[in-house]
Amino acid sequence: MLARPFRVLSREPMVVFFLVAVCLFAVNAFISPEEFAGGADRTIAVGPGKVVQLAESYQLLTGSLPSADELRNLIADFIDEEIAYREAVAMGLDRDDTVIRRRLRQKFEFVTLDTALIEPPTDERLRRWLKENAERYRVPERRALRVITFLDDAGRTMQRAAHARERLLKGTAPGQLGDQTLLPRDLPLTTRTGVERHFGTATAAAAFAAPNGEWVGPVASHYGAHLVLVEEVAAARSPSFQELRPLLLEDWVRAREAAELERAWRQLRSRYEVEVKLPDTGGPPAQRLQLSATE
Amino acid sequence: METLASSARLITSAIALVLSLVAVAGLADATDPSSAARDRVPGSPAALGPRQLPGVATNPLRDVYFGDLHIHTRHSFDAYIFGVRATPDDAYRYARGHAITHALGFPMKLKGPPLDFIAVTDHAAYLGVLRAIDTPGSQYAGLDYAEDLFSNDPELIRDAFLRFGLSLAEGKRLEEFEDSPAVRTAWADSVAAANRHYRPGEFTTFVAYEFTSVPDGLNLHRNVIFRGGDAPGKPFSALDSQDPEDLWAWLDQQRAAGRDAIAIPHNSNGSNGIMFDRVTLAGEPIDSDYALARMRNEPLVEVTQVKGTSETHPLLSPNDEFAGFELFEYAIGSTDRITRFEGGYVRRALMTGLQMESEEGFNPFKFGLVGATDSHNGAGSYYEDNYHSKIGIVDGEASGRGSVPPAGESWDSYTPSEGVVRRGHWSASGLTGVWADANTREGIFDALRRKEAFATTGPRIRVRFFAGQDLDGVDLVSDDGVRRAYERGVPMGGELRAREDAAPQVVVAALQDPLSEPLQRVQLIKAWVDSNGDTRERIYDIACSDGLKPDGDTNRCPDNGATVDLTTCKTSQGPGNVELRATWRDPDFDPGQHALYYIRVLENPKCRWSTWDALRAGVEPYPEYPATIQDRAYTSPIWIRPR
């Protein structure tokens with residue numbers, strides 16, 4: 001039944017040529033097997049688009065376009081790189097190499113993040129961010145203080161301080177009490193950290209718990225003892241949205257990028273079935289190494 | 001370029017934000033007339049009167065601030081090889097009190113309050129280059145030695161890395177890094193980070209870098225600190241020229257373009273005497289142009305840091321019982337020993353300067369003193385009991401710094417190599433203290449420029465020091481006293497004219513760091529040129545702890561009985577003072593002599609870091625290192641100009 005179409009076809013020159021070509025290829029494959037048995041493709045085509053790309057990359061790095069010599073080198077370099085790449089893949093060098101795997105991961109993450117286009121947020125979106133993270137943007141409380149110090153060197157610091165406090169309550173001027181030291185006797189509006197820097201944590205804590213206008217102490221420190229008067233309190237405040245906007249934008253974008261990356265990873269992991277078999281040689285119990293695709 | 005512009009906009013907005021925040025919150029105190037400290041002091045020699053930023057707390061009578069002016073991050077070629085991945089941001093966060101990670105993976109946290117200021121000073125030479133080589137797809141990732149550099153074989157790493165060391169010793173840039181974009185990128189990042197973390201009134205950061213000149217292995221390193229946030233496109237590195245005179249010429253240009261900066265040399269102890277030589281690098285005798293250029297650009301010297309203290313040496317100061325302090329007598333980065341001490345130590349250099357002033361009318365060595373760490377971990381170690389040394393994975397563990405034998409060994413079975421012992425001689429130093437109008441770039445920089453600065457070997461010892469002709473009744477611990485001191489005398493870093501009829505008076509106050517040991521004594525070190533034209537030095541103890549008095553003949557405080565228990569590192573509880581004060585008049589003053597005074601304050605002894613390491617490992621301390629240490633502060637000198 002097939003005989004008649006076959007006889008017609010075999011009189012077509014194209015068909016004959018095709019059949020001859022196939023035979024020739026088969027013979028060639030038989031003679032030079034390495035060219036086909038996983039061998040590298042021998043044609044490297046560097047088109048005008050690629051040349052422009054090389055020149056532009058160079059410009060990005062150095063600020064100017066390459067000269068003729070430089071361009072020649074760039075192209076030659078690219079060709080060598082392409083050859084090495086093909087040969088390496090043909091040899092299977094890209095498999096099971098930790099360094100290459102790590103670098104591919106880096107590149108992949110970079111590419112994934114880059115393609116997750118983050119639209120600039122609206123003011124309303126930023127206001128919501130500010131509301132959710134209010135603590136982060138508060139300006140801390142500051143206090144202006146007067147401090148009377150009793151140095152360990154003269155001894156009996158707590159007693160002297162207590163005695164001085166009584167005299168203060170009876171009207172003695174603060175300037176007449178305590179030891180003169182390199183430590184400040186008064187501080188302008190200062191944060192708690194700023195007070196700690198001079199007097200340590202205990203005194204700062206007392207200063208920030210004290211009521212305005214009342215001498216508190218004695219408080220012990222590494223120096224001896226202190227009496228503290230709060231002269232002014234500048235309450236912690238939340239700056240306005242307009243004041244904070246540039247900072248909010250920066251923080252929001254950074255947080256969004258991190259979230260996008262994490263979301264992309266979760267999606268990827270969910271596509272894979274993962275099975276981990278631990279060795280029997282007394283490792284941690286299997287439950288502790290629970291790995292789930294959503295982690 | 002685009003990202004730089006938008007970053008710049010973000011930065012300026014952030015700075016404007018902070019300033020306006022502080023301005024609104026601080027308006028009340030800036031106009032409060034009742035507080036004495038706000039008074040302006042008219043026309044005093046130390047040029048009082050703050051340049052006020054709106055709302056930032058300023059004090060014309062000046063406050064003390066502490067900072068580290070020498071920190072390295074992963075941008076430095078050597079830090080990167082040491083496995084350090086801390087960024088400038090990490091360095092700033094550490095200085096503010098947050099924990100960051102050491103190259104070996106453990107957390108590092110600053111002991112005590114945050115630092116007030118900091119300069120990240122990465123090597124300009126090959127800035128960012130090692131990281132670029134390590135970055136997949138970068139133009140350098142394909143270098144033939146790239147793989148060796150980041151292999152696991154220490155031999156391969158060392159050989160690959162040697163090319164960078166040799167390149168610096170020769171002062172020749174490796175070809176593959178000509179006009180490297182990696183350097184520009186890293187520098188832009190460094191500048192942006194400094195500007196991003198600057199909080200006027202709270203935390204000062206500086207645009208800065210290190211000029212790593214090391215001709216033939218001899219140390220001529222300097223750190224360059226800019227006053228403002230505006231930086232040149234590229235830092236002038238030792239690969240552009242190894243000669244400090246070329247650096248000064250470049251700095252003069254920067255200054256003319258509105259970017260004031262200073263250079264601070266360090267590790268003269270590793271220069272084999274060329275740091276403070278009487279001839280230039282080119283071998284010419286120093287002349288007045290050189291002296292002016294040097295003093296215009298280098299008002300300070302970093303006298304103490306991890307790689308040893310360069311105040312003085314027992315061979316140069318045989319009568320100074322405290323001269324042998326944290327000496328490091330090797331060339332930097334090698335086991336070659338230093339053989340020439342003259343020209344390598346700061347006290348002798350100050351004296352040489354006096355001598356040149358008296359003989360030739362100019363003084364190239366009229367510098368003040370500061371301290372820093374030079375830590376390459378992004379984080380400094382300032383205390384003996386909290387020490388993580390300097391170079392990442394190499395010395396992050398005690399066995400790497402020669403203080404304990406490796407695991408499983410004992411001092412009987414193991415002798416540390418000279419390379420390791422070198423690191424046992426490194427120190428938990430140092431810090432800079434300044435008396436400044438405000439904690440701002442302008443405030444701190446101007447204090448550095450006028451040398452109202454002092455060095456400490458780690459702890460935050462506060463020292464104030466004035467000299468003048470009529471300081472009766474001046475104390476340094478009341479507003480009135482300080483005001484009078486500025487009016488009638490000069491602070492550290494200043495200069496006095498001698499008077500025929502009376503010796504200058506000196507007033508000093510020093511306060512211990514509450515997290516360190518009490519103070520033992522205050523010493524005054526006098527240097528002068530005698531009638532034969534020779535330089536001389538003499539040390540007077542001018543205040544002793546515990547009510548003791550210096551001996552009239554020896555000028556030394558008696559032993560205050562302070563002890564250290566080496567089995568526990570506990571220090572004696574009684575001896576020592578929280579604060580020491582002194583007023584003193586020079587009994588040997590000669591108004592016809594060029595002279596200077598500077599103050600050295602000593603703490604009671606305590607365990608050295610190497611002893612702490614040994615204690616924690618349950619081994620004996622290695623006998624080659626001192627078991628205890630007396631931390632100290634050195635003020636900038638006050639010079640006396642003869643009639």
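Predicted model: local features only at pLDDT ≥ 70, side-chain atom pairs only at ≥ 80, totals over all residues.
## Chain A in outline

Chain A holds ten helices and four strands. Read from the N terminus, its elements run α-α-α-α-α-α-β-α-β-α-α-β-β-α. The chain has 295 residues, and 26% of them are buried.

## A three-stranded sheet in chain B

Turn now to chain B. Three strands form an open sheet here, in the order β10-β9-β11. The pairing is mixed. Strands β10 (308-309) and β11 (368-371) stand at the edges. Each has a single partner strand, so one side of each has no neighbour in the sheet.

Strand β9 covers residues 300-305 of chain B. Strands β9(B) and β10(B) pair in the antiparallel sense, over two bridges. Look for Thr304(B): its bridge partner in β10(B) is Thr309(B).

## Salt bridges

Over all chains, the count comes to 52 salt bridges. Start with a pair in chain A. Arg143(A) forms a salt bridge with Glu141(A). Their closest N and O atoms are 2.5 Å apart. How accessible are the two partners? Arg143(A) has a relative accessible area of 8%, so this residue counts as buried, the cut-off being under 20%. Glu141(A) is partly exposed, at 25% relative accessibility.

Next comes a pair in chain B. The side chains of Arg96(B) and Glu202(B) meet in a salt bridge, with 3.9 Å from N to O. This pair links distant parts of the chain, as the residues are 106 residues apart. Arg96(B) sits in the loop between α3 (88-95) and β2 (100-101) of chain B. Glu202(B) sits in the loop between α7 (181-197) and β5 (204-206) of chain B. Arg96(B) is partly exposed, at 26% relative accessibility. Glu202(B) is partly exposed too, with a relative accessible area of 41%.

Arg158(B) and Asp159(B) also form a salt bridge. Here the closest N and O atoms are 3.8 Å apart. Arg158(B) has a relative accessible area of 47% and is partly exposed. Asp159(B) counts as partly exposed at 42%.

Salt bridges can also join up into a network. Which residues of chain B are linked in this way? They are Asp252(B), Arg255(B), Asp260(B), Arg296(B) and Arg449(B).

Take Val20(A) as an example. This residue lies in helix α2 of chain A, which spans residues 13-31. Val20(A) has 43% relative accessibility and counts as partly exposed. Patch residues need over 30% relative accessible area, so Val20(A) passes that cut-off.

Chain B carries a negative surface patch. Its members are Glu245(B), Asp246(B), Glu284(B), Asp287(B) and Asp289(B). One of them, Asp246(B), is found in helix α8 (residues 244-256) of chain B. Asp246(B) has a relative accessible area of 36%, so this residue is partly exposed.

Conventions: Residues numbered from 1 in each chain as written. Chains lettered and ligands numbered in written order. Heavy atoms only, no water. Patch = residues over 30% accessible without salt bridge, like charges linked within 9 Å, V, L, I, M, F, W, Y side chains within 5 Å. Areas by Shrake-Rupley, 256 points an atom, 1.4 Å probe, with all protein chains shown as cover. Salt bridge = Lys/Arg side-chain N within 4 Å of Asp/Glu carboxyl O. Lys, Arg positive; Asp, Glu negative; His and termini not counted. Charge placed at Lys NZ, Arg CZ, Asp CG, Glu CD. Buried < 20%, exposed > 50% of the residue type's maximum accessible area, 1.4 Å probe, protein only. Pairing = 2+ DSSP bridges.
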